[in-house]
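Good morning, and thank you for coming. Please look at the structure while I speak about its aromatic rings.

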Amino acid sequence: MGLTSNLLRRFGYDGADTSKQKRRAPTSALTSEDRALTAKKRKILQSAARDLSRNFSIAAWAIRKHLDFVSSFKFKSVTGDDGLDREIDRLMTWWSRPENCDVAGRHGLGRMIRLAEERRTVDGDMFLVKLTGQRVRGKLQAIEGDRVVDPGSDSLSMPDTTWTHGVRVDKAGRAISYAIHRRGSGGTGFDLDRMVAARNVIHHGYFDRFDQVRGVSPLAPAVNAFRDVYESFDYALAKAKVSQLFGLVLYRDALDSPGILDTSDEEDISVDFGAGPLMLDLEPGARAEFIESKSPATEFQSFTQLMISVALKSLDIPFSFFDESFTNFYGSRGALLHYQKSCEPKRADVKDVLRRLTAWRLALFIEDGVLSLPAGVSLADLKWEWIPAGLAWWDPAKEIRGDVEAIKAGLRTRSEIRAERYGDDWLDVVDQLKREREALDERGLLPVEDAELSVANTDEGDDDDAD
């Protein structure tokens, strides 16, 4: 037992290690992530990551930037039946409101998904409980990761099952139920609240191993780097403050002729900087110098930038996002494209959560008679999309021209480009353009494109008359 615990202590997460020694000797002990990150170390890692998100602006900014790209989606029903699509869109919009979606009534669906992604980024994972009780039917309860822990009671054990950080799993590693706890008074300890069947829970986390039961934060490799930068800022600021307590040194040359120098009538020179700008009128041969310390040093600034860049890599965020002057336009554009590629699997996880929530909520709408499906159509036949937030053109003149050429060549579709740039459906734009044109026609006004064409034709006619 002593040898095993020693090996596990030498093979784990540095972010959960409070000792000075970070370098680990290689070991032949191979274990699961859930065993490498024990319950105690999981709490330490979560606490360290939460402290960074609370107090270190760079870490908090990196998390927000990650959320901007990963957690924003728009719902669109695409069954092909316009009437049914409008009804489903209406119901999903209604359900997405805070009072209809969140059992606590605080967050709409969009904000809940953003907070869920933030919790799994900082804590490693989180849980969404689907409620079906009479008063809470169709609502969600969000459970933060630290509230799911082992119940610690033999009476809750079942044959052929084991507990792993609050999750009861069978021999195949499939989750059976979750032990949800309440935080104790004063923020210490946990009290068992209830056991929830896995079928009523959506577990949202970061996973790197097949046999991993609980998620691990992607910030884990960068916790120490962020903390070092945070602390070095304090040290550099303290040094800079000390260096501002500068002193003025006055030099006076000795008399050329030898003899006794009587200084009984001379006064010491003193200068008070509190009165603001002043001029020193010194005697011939005297000079004044300020004691100066260049702080922070250029080397410190360069190393700090390197440390920040390394820490941001934990979320795949390019350094040019942090320092816009770091590279040129093409370098920034290339970094953005690579970052968007890294966001695809993270978005896929969020979309899967939304897919499961949508199927569950639509099923309840159908069971409750709120949504009536056409004859021969079932829940399995319904189709929908969660479109991620778009990113507008960086260089509109060039990129729009390129998109138009891609459409003409049949390489891309209007819907694809519209979703990529604005995060919505091109067909919705077509419907809106139709309504705008009809409104202009009712008021006897020309659309912008027709007005420009009319002006161009008028200008050509004037040129002909002049000839």
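**Aromatic rings and their contacts**

Arg120 lies over the face of Tyr206, at 3.7 Å from the ring centre. A charge sits over a ring if NZ of Lys or CZ of Arg is within 6 Å of the ring centre and within 35 degrees of the ring normal. Likewise, Arg361 has its charged end over the ring of Phe365, 4.1 Å from the centre.

This is a predicted model, in which local features need pLDDT of at least 70 and side-chain atom pairs count only at pLDDT 80 or more, while totals for chains, interfaces and linings use all residues. Residues are numbered from 1 along each chain as its sequence is written, and side-chain values use heavy atoms, with hydrogens and water left out.

I turn now to ring pairs. Rings of Phe, Tyr and Trp (its six-membered ring) pair if their centres lie within 6.5 Å; planes under 30 degrees apart count as stacked, over 60 as edge-to-face and the rest as tilted. The count by this rule is 14 aromatic pairs. Phe56 and Phe226 make an edge-to-face pair, 6.1 Å centre to centre with 75° between the planes. Phe56 is in the loop between α3 (39-55) and α4 (57-70) and Phe226 is in helix α8 (residues 223-243), so the pair ties together parts 170 residues apart in sequence. Helices here are DSSP runs (H or I, at least four residues), numbered from the N terminus.

How are the rings of Phe56 and Tyr230 arranged? Their centres are 5.1 Å apart and their planes at 25°, so this pair is stacked. Ring pairs link Phe56, Phe226, Tyr230 and Phe233 into a cluster.

Terms used. Helix = DSSP H or I, 4+ residues; strand = E, 2+ residues; numbered from the N terminus.
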